[in-house]
Amino acid sequence: MELFDPLFRSSACAAHFGPAATLQGMLDFEAALAHAQAAAGVIPQAAVAPIEQACRSDCFDAARIAGDAARAGNLAIPLVKQLTARVRQADPEAARYVHWGATSQDAIDTGMMLQLKAAFGQIDGQLAALRQVLAEQAERHRDTVMVGRTWLQHALPITFGLKLAGTLDAVLRLRAQLHGLMPEVLCLQFGGAAGTLASLGERGPDVAGRLAERLGLTLPDLPWHGQRDRIARAGAFLGTLAGTLGKLARDVSLLAQTDVGEVAEAAGEGRGGSSTMPHKRNPVGCAVILAAAARAPQLAATLLAAMPQEHERGLGGWHAEWETLPELALLAAGALDTSIELVRGLEVHEARMRQNLGATQGLIMAEAVTMALGASMGRLQAHGLVEQKCRLALQQGRDLQDVLAEDQQVLAVLGPQRLAELMAPQNYLGAAGVFVDRVLQRARADQD
């Protein structure tokens, strides 16, 4: 599927999950394990350097490891064999201590945590970049009035800044969630054959502590071979991220429809064209983001479905995580890249927004008139009166304001000037500006 990588996946994030990175994650575990065990007096200090020097993924036969994994059941077994052989060439005595007291899952899970740590660091930076461009656009369009839509129908006036602030608010929550998630999820896995570290005797916990510190991972209270909530939480976060970006893309694509025409993706050579229709300007960025949002829930569901693993080591459920979590991270990071580009280059057609506010000939302001009348005659009576006038305006193809202005009961309460004020969309925005300002204030604080 490499042909689709530039379209759907982040090239920067892909570097954290490619074959070299996957092998290097496990090799980093093996090198750090040797350091930790030597410091704890478990293996000779002289064994550390030969082991560490051999832990370079570019010196390994990845194709052979992949082929051997098909028979061994995982990548760690053939990797450790090649590592041991490489160390033996340099120092036969040191080769005795490769992978000492560890099990395959220790290397694979910890390697994955190291890869995920790098990916989360990048995603955090991408979220910060998206926060920045969203804040800039939300501030720019704080008072840009547009149609608010519910059930895909015209509802009430809102501002485009408020719509963007909604996504910005979610991005700020996601970033805070990620910061809380990383120390809890990014944990060392080191338990030996059955999660007891029995092979290291009383020195197992000491080695684990030193190992976690060297790798920059959280030290858990105990190994978690069969408890996969950390993996599931990472997947749920990435799925939520993709869904949030999908909401942004869905709204932008709907607003970019020819019949609506309120926004457009940035234009560019070869961007959004059609193979047969020269006039087309398709929202290709939105399509990429929505594709990620469509795939992410099923990938996250796979991680959740894999949680009930058997006893001290899972059979199949663990294996289901290996491709799923990286793919989910790559799609989410790719959607983030595209979202940053989308928001930064977004064309906002304010004139069309104003034009669409008048598409219902004043019906969009019916609630404003109802509330003003309700203060005198009660909400229910006012609602019935305005609803009747709305039907009449639709039947006659007239502007609601003109129909209302002919009703003496309405004029007795409001008067022509007040009625005109109520029918102006910019006068019925409620706390939209306050809400935008609140989110912008949080966005500025998030930069500190």
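Biologist: What makes the contact between R142 and D143 a salt bridge?

Modeller: The side chains of R142 and D143 come to 2.8 Å, N to O. A salt bridge is a side-chain nitrogen of Lys or Arg within 4 Å of a carboxyl oxygen of Asp or Glu, so the pair qualifies. The model is predicted: local features need pLDDT of at least 70, side-chain atom pairs count only at pLDDT 80 or more, and totals for chains, interfaces and linings use all residues. Residues are numbered from 1 along each chain as its sequence is written, and side-chain values use heavy atoms, with hydrogens and water left out.

Biologist: Why is D143 called exposed?

Modeller: D143 has 54% relative accessibility. Buried means under 20% relative accessible area, exposed over 50%, partly exposed in between (1.4 Å probe, protein chains only), so D143 is exposed. R142, at 25%, is partly exposed.

Biologist: How do you know that R56 and D58 form a salt bridge?

Modeller: Their closest N and O atoms are 3.0 Å apart, which is within the limit of 4 Å. R56 is partly exposed at 45%, whereas D58 is exposed at 58%.

Biologist: What does the salt bridge between R233 and E184 tie together?

Modeller: The side chains of R233 and E184 meet at 2.6 Å, N to O. R233 lies in helix α11 (residues 229-255) and E184 in helix α9 (residues 160-185), so the pair ties together parts 49 residues apart in sequence. Helices here are DSSP runs (H or I, at least four residues), numbered from the N terminus.

Biologist: How many salt bridges does the rule give?

Modeller: The count comes to 24 salt bridges.

Key
Helices (H or I, at least four residues) and strands (E, at least two) are DSSP runs, numbered from the N terminus.
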